[in-house]
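Colleague: I would like a close look at one part of this model, followed by an account of how that part sits within the whole. Please take your time over it.

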Amino acid sequence: GKQFVIFTRKLLENEHVIFAGYRVTHPLLYEVVLKVRTDGELEPIEATIKAIDSLSRQIDQLETKFAV
């Protein structure tokens, strides 16, 4: 569940995202409910995709920087 803290923080960097949170439905199941609310200028799914793309680029940069 900790990886979702990073993801919700990335979502909240978007000026159109009003709320981003998650809930682990059960500790023994790998099932998470993600909630995203925007101001209407951007659909929640669009904000989610942008956050995924941004995190993916950051990971790529880290891999390049620390490649052996």
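In which helix is Phe7 found?

Modeller: A word on the basis comes first: this is a predicted model, in which local features need pLDDT of at least 70 and side-chain atom pairs count only at pLDDT 80 or more, while totals for chains, interfaces and linings use all residues. Residues are numbered from 1 along each chain as its sequence is written, and side-chain values use heavy atoms, with hydrogens and water left out.

Phe7 is found in helix α1, which covers residues 3-12; helices here are DSSP runs of H or I with at least four residues, strands are runs of E with at least two, and both are numbered from the N terminus. With a relative accessible area of 11%, Phe7 is buried, where buried means under 20% relative accessible area, exposed over 50%, and partly exposed in between, using a 1.4 Å probe and protein chains only. If neighbours within four places in sequence are left aside, Phe7 is in contact (heavy atoms within 4.5 Å) with Leu34, Thr48, Ala51, Ile52 and Leu55. As for Ile18, which is 11 residues from Phe7 along the chain, the C-alpha atoms of the two are separated by 14 Å.

A contrasting residue is Glu15, which is found in the loop between α1 and β1 (17-24) and counts as exposed because its relative accessibility is 69%. The side chains of Glu15 and His16 are joined by a polar contact of 3.5 Å; such a contact is a pair of N or O atoms within 3.5 Å, in which, within protein, one atom must be able to donate a hydrogen and the other to accept it, and residues adjacent in sequence count only if both atoms are side-chain atoms. Glu15 and Glu41 are 26 residues apart along the chain, yet their C-alpha atoms are separated by 9.7 Å.

Turning to the whole, the protein has two helices and two strands, which follow the pattern α-β-β-α along the sequence. Its radius of gyration is 14 Å, well over the 11 Å that the globule rule gives for 68 residues, so the protein is more spread out than a compact globule; the radius is taken over C-alpha atoms, and the rule is 2.2 Å times the number of residues to the power 0.38. Those C-alpha atoms fill a box of roughly 40 × 35 × 15 Å along the principal axes. Buried residues, Phe7 being one of them, make up 25% of the 68 residues.
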